[in-house]
Amino acid sequence: MIDVLRNVFTEEMIFLCEALPFSACRILQPHKLERLGFQAKSVIMLAIPYYVTIASPRNLSRYAVAEDYHLFVKELEKRIVPKLSALFSEYHFAVFADNSPIDERHAAVLAGIGVLGDNGLVLTERYGSYVFLAEVLCDIPYDEIGTRCDFSFAECAHCGACRVACHKKELCLSALSQKKGSLLAEEERSLVEIGSVWGCDICQEVCPYNQTPEETPIEFFRSALIPYLTVATLDGMCDEAFARRAYAWRKRETIRRNLMLFEPKE
């Protein structure tokens, strides 16, 4: 059955797909399980690659250069759930990403998608850590799915590169760039300027597993790219276009605040 499931996702250009028993997962939000309407027995973990080569200057974290991946997952769900239901009509399926009832990184490692790096990110062999995690919860018994793991390296190299490169180990620069409010303290402003207008890729860029990642084959992450955001670009976005960006959830005020730190001072 795993081969049939893989074919469904291969059609969507998602080549990292592994299953694990639901009983092995760490439950983080049990109330979301209550809304499923079925008893989950298996989890099909997915790693969705988003890396593309960007020749122009970039002031956003790589994951935010394309449109918000949550939009891609919603569209993916609309396509794959009917396919899965048609193939396995006696079973039920639910797709999650980011707002999952389970610990996604833990499940991805157990399933064999990758290993957990010292920077807290899942490292995959083909795409490094430049992947979004998503999963399909279903009531197919795990022993009926069957699985094989093509993963070939055993663990993070623990080389220390990410720890050395991180400028503020007790404060995540990515989280700081997303901090709500129109003003930041002086130290916070200086730290945001080390990272980027939105997010931070420092620990990913120095990771040895990220030096030659494969590019994503998924067109969603290859189009509508904005590598370098400016105040003028931001102001030129209509509300609909802005809402499709990863930074939209913190509203224009937050991203504008960060942009002003990087705009040339007159």
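Start by selecting Glu 18 and Met 45: Glu 18 stands opposite Met 45, which belongs to strand β2. The model on screen is a predicted one.

Colour β1, residues 16-21, by accessibility: five of its six residues are buried, so the strand is mostly covered, with buried meaning under 20% relative accessible area.

Now move to the largest nonpolar core, a set of 35 residues. Select Phe 9, Ile 48, Phe 72, Val 136 and Phe 221, the members with the most contacts inside this core. At least two residues each come from α1 (2-10), β1, β2, α3, β3 (93-96) and β6 (131-138). Which element gives the most to this core? Helix α3 does, with seven residues.

Stay with Val 136 and show its surroundings. Leaving aside residues up to four places away in sequence, Val 136 touches Phe 9, Ser 42, Val 43, Ile 44, Leu 46, Ile 80, Leu 84, Phe 93, Ala 94 and Val 95.

A second, separate core has 23 residues. To find this second core, select Leu 36, Phe 38, Met 45 and Ala 107, which are among its members. Met 45 is the residue opposite Glu 18 from the opening stop.

Finish on helix α3, residues 69-87, and pick out Lys 78. Is Lys 78 buried or exposed? Lys 78 counts as exposed because its relative accessibility is 57%, and the cut-off for exposed is over 50%.

Technical notes
Residues numbered from 1 in each chain as written. Predicted model: local features only at pLDDT ≥ 70, side-chain atom pairs only at ≥ 80, totals over all residues. Heavy atoms only, no water. Buried < 20%, exposed > 50% of the residue type's maximum accessible area, 1.4 Å probe, protein only. Helix = DSSP H or I, 4+ residues; strand = E, 2+ residues; numbered from the N terminus. Pairing = 2+ DSSP bridges. Core = buried A, V, L, I, M, F, W, Y, C linked by side-chain atoms within 4.5 Å. Contact = heavy atoms within 4.5 Å.
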